[in-house]
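This report is meant for a reader who is meeting the structure for the first time. It goes through the chains one after the other and then sets some of their values side by side.

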Amino acid sequence: MTSTRPRQSLRTEILESRPVNLDGFVEEWPEKGLVAMESDFDPAPSIRVQDGRVVELDGTERADFDFMDTFIADHAIDVASAEASVAIPSAEIARMLIDPGVSRGDVLAVSRGLTPAKILDVVKLMNVVEIMQGMQKMRARRTPANQGHSTSARDNPIQVAADAAEGALRGFAELETTLGVVRYAPLVAIALQVGGQVGRGGVLTQCALEEATELELGMRGITAYAETISIYGTESVFIDGDDTPWSKSFLAAAYASRGIKMRFTSGTGSEVQMGNAEGKSMLYLEIRCILMAKGAGVQGLQNGSISCIGVPGAVPGGLRAVAAENLVASMVDLECASGNDQSFSHSAMRRTARAMPQMLPGTDFVCSGYSSVPNADNMFAGSNFDTDDFDDWNTIQRDFQVDGGLRHVREDEILAARNKAARALQAVFAHLDLPSITDDEVEAATYANSSNDYPLRDVLADLKAAQSVMDREVTGLDLVKALESAGFHDVAENLLTVLRQRVSGDLLQTSAVLTADFTPLSAINDPNDYAGPGTGYRLSGERWEQLKKLRHVTSASNPETEVG
Amino acid sequence: MTSASPPTLNAADYPLSINRPELLRTPTGKPITALTMDSVVSGDLSPADLRIAPETLQLQAQLAEASGRPQLAANFRRAAEMTAIPDQEVLAMYNALRPRASTAEQLAALAERLEGTYTAPVCAALVREAAEVYARRGLLARPEAGGDADAGAPAGSPAATPVTTAATAAAARADREEGQPA
């Protein structure tokens, strides 16, 4: 407090102390790409096709293509329809996106021929409500879902197993982990795989690591899918990431060749944050990423700014651009795991608002992911939502009758699942000669909130054991054997069924998840058929009855009691 | 069951694990129905039995094609070829395709190995296409020794340049206790 400052109003003092004013905001700087989606420096749409080859793309002649232009022109754009599609007025395509009389398939017939600048030109015409309308129709899978983060600040495998079981029970279709100490990865990935199958059969797990290690864990059947395969919208930043569209395409096929589901990751703001946006808007560059992913033949994309959300979050219209990038992924027929996965604001109101453009229309994965551990334990640097927000999320689903992929679960069920997951992991560790898990740790896991609530592990012994898991070439099959021999028949059977899925390849198709009865649900057998009011995915029946339940709901027949 | 000519599939056959399990075999020749808990316990199953067969990837490619997803189908066809390549070599090939990791000759040799040793013409074509673009964009390794030692910054380590100072400062303010972009 200095006496030289002019006197502030009491109201200003209150506003100054509001959490939103701890957030960072900056002016636009289009010359450097610090602009969401409206920049005079973005190219104008154009295309010219000669002899079945794109020879001009968005004002650039083929001789001057950088590798993004080349890859998009040669792999993403349908040359047969491109000139006709780009010639359609942008306003007409934007209307197709929101017109319930135009089917998703009709839109795809046009969008497959569009250039990055043309797509930008289309979505620039749409306000955020129109973007949501478009998303409602263009999402590839009819049934929305959600993804959780299950990590531990101490990389404690018992915590990860118990939280995975609870997360699966609450409804996450996919669970993702990563590490503080990377060498812990094998033990934590095993814990996630075992715990997830306790909560509900068919949950898919992944462990975010450097590309080659991530693939290796997948090949061994210790994880079920992968998504941290980053791509970027400028050639220079792509090279900084030590990859090219061709190396990433090769990697995409490598995953599929092992039967492993995979999606790429990109997002607005990454190029400017990495220092070379080449003077283009964040959304234009993200659209290039989306089309690159499409051209690579990968089934889906995690986008929505992801770990760079602070950048679009700081500029005008930034969250509109983030909603638009999700829509673009869906409108070119990719699975979209739509962000909401990194903390970006101190304001609870702003955090909630940020998720509405994905939660209300529904996306393939509304969050990618939601922290199913307290944020202090979130090794992805904190998510936009965490365990403290479970009841709020469930209430919002009930208020608006929307399916955000989660549900309220009774305490006794949660405790039983957490306890079982910890015991199952205890048995697996014993079977594999890994450092023992004590009954005290199992008890702690049953009732814990965060990593602070567990006895400390012998980290050195764990790390040695983690190395031995790799050296001994432990596979998913060994986990099945361990579970079965210890009497966890149902968990063993669940895991075997997940592993068997890779033999069928069904989870490689667009937007595939496994239901609790192990039915693969993808854009092929659960295609989004939205055609206006009363059609498409509607929250109804048994699922709606589930979502009506909250922690405290007063009984109508006996107001003295609560139901649920 | 007969492997003489592959069946013609459409979207109604999906999911194959439920609608057409009789078409699914492991690379070791077992039907998918043989992957039971009994066979796990008795030790009859090895990790090789839990891999996808190239024929299955071709079936999934058909389904992708029939669903209007030609790029996804092409990815599955590359993948079908890659099933023959050992894990470590797949990773090595991926690394060879990173920027400035290989010379033109090395990429040509890689394409030949794919085509000759692994009968992988679709993958070989992708490598040749990369080689052509890398040559044009200066992304081939320099033949002289040591020339490529500094090629490529590690992933996820963005350079802080004056260009991004304003943005990253804003982001850092919001992400005070948090960490790295990825």
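What pattern does chain B follow when it is read along the sequence? Chain B follows the pattern α-α-α-α-α-α-α-α, in keeping with its count of 8 helices and 0 strands. The model described here is a predicted one, and every value in this report was computed from it.

**Chain A**

In chain A there are 23 helices and 15 strands. Along the principal axes, the C-alpha trace of chain A extends over about 65 × 65 × 55 Å.

Counting the contacts in chain A whose partners have a separation of 6 or more, one finds that 75% are made by residues 24 or more positions apart. As for charge, chain A carries 50 positive and 79 negative side chains, while the centres of these two sets lie 3 Å apart.

**An antiparallel sheet in chain A**

Chain A contains an open sheet of 3 strands, arranged in the order 1-2-3 with antiparallel pairing. Its edge strands are strand 1 (47-50) and strand 3 (60-61) of chain A, each of which pairs on one side only. In general, the strands of a sheet pair through backbone hydrogen bonds, and they may do so in a parallel or an antiparallel way. Here strand 1 of chain A is joined to strand 2, residues 53-57 of chain A, by 4 bridges in the antiparallel sense. To find a position in this pairing, the reader may look for A:Ile47, which stands opposite A:Leu57 in strand 2 of chain A.

**Chain B beside chain A**

Chain B has 182 residues, of which 42% are buried, whereas in chain A the buried residues make up 67% of the 564. Among the contacts in chain B between residues at least 6 apart in sequence, those that join residues at least 24 apart account for 51%.

| Chain | Accessible surface | Share from carbon and sulfur atoms |
|---|---|---|
| Chain A | about 18700 Å² | 51% |
| Chain B | about 8600 Å² | 56% |

How values were computed:
Residues are numbered from 1 along each chain as its sequence is written. Chains are lettered from A and ligands numbered from 1 in the order in which they are written. This is a predicted model: local features need pLDDT of at least 70, side-chain atom pairs count only at pLDDT 80 or more; totals for chains, interfaces and linings use all residues. Side-chain values use heavy atoms; hydrogens and water are left out. Helices (H or I, at least four residues) and strands (E, at least two) are DSSP runs, numbered from the N terminus. Buried means under 20% relative accessible area, exposed over 50%, partly exposed in between (1.4 Å probe, protein chains only). Contact means heavy atoms within 4.5 Å. Accessible areas come from the Shrake-Rupley method with a 1.4 Å probe; for residues, only the protein chains shown count as cover. Lys and Arg count as positive and Asp and Glu as negative; His and the chain ends are not counted. The place of a charge is taken as NZ of Lys, CZ of Arg, CG of Asp or CD of Glu. Two strands pair if DSSP finds at least two bridges between them.
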